[in-house]
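Dear colleague,

Please find below the structure that I am handing over to you.

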Amino acid sequence: MVNMDASAPTWARRFADDVGAELERLRQQRRNAPVPLPAFVKADLPAAASFPRCLIFVPDEAGGAVPAFSDGAAWRRVTDRNVVS
């Protein structure tokens, strides 16, 4: 909801209502959508210590592409918890 002063012109209040409705529609849409993971090739992995509890996608991991998470010290494959190599 977009707050609008009651003394604002009718067209402005209508516009604010339309914007608020569209923002709510976008919020609802995002709640039900998959979340894309940022992709990093092994040579460009960010420092795991800078991103604890974060997820990434590693397209060139040994054995195939895989999601990985930072345990605060290393990027680990979601599939078996081994360090990305």
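Which pattern does the protein follow when read along the sequence? In this predicted model, the order is α-β-β-β.

The strands form an open sheet in the order E1-E2-E3, and their pairing is antiparallel. Strand E1 (55-58) and strand E3 (75-77) each have a single partner strand and stand at the edges, so one side of each is left without a neighbour in the sheet. On average, neighbouring strands of this sheet are turned by 40° against each other, direction ignored. Strand E2 covers residues 66-70 and is joined to E1 by four bridges. Phenylalanine 57 has proline 67 of E2 opposite it.

The largest nonpolar core has six residues, namely Ala48, Ile56, Val58, Ala68, Trp75 and Val84. In soluble globular proteins, nonpolar side chains tend to be buried together. Valine 58 also deserves a look for its contacts: leaving aside residues up to four places away in sequence, valine 58 touches several residues, including Phe40, Lys42, Leu45, Ala68 and Val84.

As for the overall dimensions, the protein has a radius of gyration of 21 Å, whereas a compact globule of 85 residues would have one near 12 Å. The C-alpha atoms fill a box of roughly 60 × 25 × 20 Å along the principal axes. Of the 85 residues, 20% are buried. The protein exposes about 6,300 Å², with 58% of this area supplied by carbon and sulfur atoms.

With kind regards

Methods. Residues numbered from 1 in each chain as written. Predicted model: local features only at pLDDT ≥ 70, side-chain atom pairs only at ≥ 80, totals over all residues. Heavy atoms only, no water. Pairing = 2+ DSSP bridges. Helix = DSSP H or I, 4+ residues; strand = E, 2+ residues; numbered from the N terminus. Axes fitted to C-alpha atoms, helices over the stretch in contact; angles between N-to-C directions. Core = buried A, V, L, I, M, F, W, Y, C linked by side-chain atoms within 4.5 Å. Buried < 20%, exposed > 50% of the residue type's maximum accessible area, 1.4 Å probe, protein only. Contact = heavy atoms within 4.5 Å. Rg over C-alpha atoms; globule rule 2.2 N^0.38 Å. Areas by Shrake-Rupley, 256 points an atom, 1.4 Å probe, with all protein chains shown as cover.
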